[in-house]
Amino acid sequence: METPGSQTSLHRANLERVVRAVRMAGSLTQAEIARTTGLSAATVSNIVRELKDGGTVEVTPTSAGGRRARSVSLSGDAGIVIGVDFGHTHLRVAIGNLAHQVLAEQAEPLDVDASSAEGFDRAEELVEELIAATGIGRDKVIGVGLGVPGPIDVVTGTLGSTSILPGWTGINPSRELSGRLGVPVHVDNDANLGALGELVWGSGRGVKDLAYIKVASGVGAGLVIDGHIYRGPGGTAGEIGHITLDESGPVCRCGNRGCLETFAAARYVLPLLQSSHGSELTMERVVELAREGDPGCRRVIADVGRHIGSGVANLCNLLNPSRVVLGGDLAEAGELVLGPIRDSVSRYAIPSAARQLSVEPGALGSRAEVLGALALVLNEMGDSTLLGGADGPLPTAAKSATPAFT
């Protein structure tokens, strides 16, 4: 039996520390592991050798700063994680391994709002299809990350707003999917997962304080403070779409008037253009037309950017993030929307906060949320899962070569 402070327990703690660093980063050189964990280079070298011999990690030659180095990543066969992203009109599922590699991925249109049962039925089917496509046994599934387009009540586990997904009233998404798949399910809202995806693999890499702004049928923000998603005690942090811009403005679905969402979300913006561009217009098409020079679409996107910038300025004044990442279809408009956002930030934010802020488009596009769902599982899983007993790592695992998440 291990005793606190014993050599055995210290060794075990160091094993878990190294595994955690590699798990979160995807891959690190041994020098980077030493800097991240605070362990000596000699200790890291010995631990990596032990983990490699046990099949928990893979070591491959690489270079760092022009010098030869060894890159350490978790074994591709140590286990798999699943990401499920429910949007209002789509379902996307991805299967990844612990080496930050995607093994299978599929997206399809789906009216998620109408019925939670239909959404979960199809998600279950798609998960089973993709697991079968990888050829990996179901016993290798460590957990599932689930994204939904609304705030999750941290006490009840249900959606915090029944107006967002009326067909999901009273549903506990984590419990529902876990019961179907028989594995742990970690759930969060789509903006938080988008922030996590961009933080780990996209435009937020290397940044500890950022806000991910997702503009779709609604407007939400995922907040990262000191490298961690901030959800607030009730799970509703980041509802930037309900900042009031005009007390006499349109009535929002939340019951207030003039929320940012009523000036920026697709459901409010598209009707401005439908009389001239047709009723089948989508935000994706608006962005496409704006990039081609359509004056009406360019004007609407610029207006939306200025409104979003007002909300971002409030975030700057309150939280002082170093980066804002814009996600959703609107991010594809590039400087047509980013420029107006920066203009509003410069006008309304405290100058010192505005100077420190960079506003960037998301790098992951529509995949940000499902990759964030994979990252959520990697965040929540315990490192002891990858280490057999108290004495060391799992038995040797086979290697696999697959595309990287990005």
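Helix H1 (residues 7–25) and helix H2 (residues 30–37) pack with their axes 10 Å apart and at an angle of about 110 degrees, which makes H1 roughly perpendicular to H2. This is a predicted model, in which local features need pLDDT of at least 70 and side-chain atom pairs count only at pLDDT 80 or more, while totals for chains, interfaces and linings use all residues. Residues are numbered from 1 along each chain as its sequence is written, and side-chain values use heavy atoms, with hydrogens and water left out. Two packed helices are described by the angle between their axes and the distance between the axes.

**Terms for the helices**

- Helices (H or I, at least four residues) and strands (E, at least two) are DSSP runs, numbered from the N terminus.
- Axes are lines fitted to C-alpha atoms, for helices over the stretch in contact, and angles run from 0 to 180 degrees between N-to-C directions.
- Angles under 35 degrees count as roughly parallel, over 145 as roughly antiparallel, 65 to 115 as roughly perpendicular and the rest as oblique.

**H1 and H2**

- The crossing of H1 and H2 is right-handed; a crossing has this name if the near helix is turned clockwise from the far one by less than a right angle, and is left-handed if anticlockwise.
- On the H1 side, Arg-17, Val-18, Ala-21 and Val-22 meet Ile-33, Thr-36 and Thr-37 of H2, where contact means heavy atoms within 4.5 Å.
- Sorted by class, the contact of H1 with H2 has four nonpolar, two polar and one charged residues; Ala, Val, Leu, Ile, Met, Phe, Trp, Tyr, Cys and Pro count as nonpolar, Asp, Glu, Lys and Arg as charged, and the others, Gly among them, as polar.

**H4 and H5**

- The axes of helix H4 (residues 116–134) and helix H5 (residues 173–181) come within 10 Å and cross at roughly 45 degrees, and H4 and H5 are therefore oblique to each other.
- H4 passes H5 in a right-handed crossing.
- From H4, the residues Ala-117, Phe-120, Asp-121, Glu-124, Val-127 and Glu-128 meet Pro-173, Glu-176, Leu-177, Arg-180 and Leu-181 of H5.
- The residues in this contact of H4 with H5 divide into six nonpolar, no polar and five charged.

**H6 and H14**

- Helix H6 (residues 190–201) packs with helix H14 (residues 368–380) at an angle of about 80 degrees, with their axes 7 Å apart, and that makes H6 roughly perpendicular to H14.
- The residues of H6 that meet H14 include Leu-193, Gly-194, Gly-197 and Trp-201, and among their partners in H14 are Leu-371, Gly-372, Ala-375 and Leu-376.
- By class, the contact of H6 with H14 has ten nonpolar, four polar and three charged residues.

**Cysteines**

- A disulfide is a covalent bond between the sulfur atoms of two cysteines.
- A search of the whole structure finds zero disulfides, a disulfide being counted as a pair of cysteine sulfur atoms within 2.5 Å.
- For Cys-252, the closest cysteine sulfur is that of Cys-254, at 3.8 Å, which is too far for a bond.
- For Cys-254, the closest cysteine sulfur is in Cys-259, at 3.6 Å, again too far for a bond.
- Cys-252 is buried, with a relative accessible area of 5%, whereas Cys-254 is partly exposed, with 38%; buried means under 20% relative accessible area, exposed over 50%, and partly exposed in between (1.4 Å probe, protein chains only).

**Loop residues**

- Asp-226 lies in the loop between strand E10 (219–225) and strand E11 (228–230), and has a positive phi of about 55 degrees although it is not a glycine.
- Asn-320, in the loop between H11 and strand E12 (323–327), has a positive phi of about 55 degrees although it is not a glycine, and Asn-320 is partly exposed, with a relative accessible area of 37%.
- Gly-182 is found in the loop between H5 and strand E8 (185–189), and counts as exposed at 64% relative accessibility.
- Asp-113 lies in the loop between strand E6 (102–109) and H4, and counts as partly exposed at 24% relative accessibility.

**Separations in sequence and in space**

- Gly-182 and Gly-143 are 39 residues apart in sequence and 9.3 Å apart in space, C-alpha to C-alpha.
- Gly-296, which is in helix H11 (residues 295–319), is 23 residues from Leu-273 in sequence and 7.4 Å from Leu-273 in space, C-alpha to C-alpha.
- Asp-113 and Asp-209, 96 residues apart along the chain, have C-alpha atoms separated by 32 Å.
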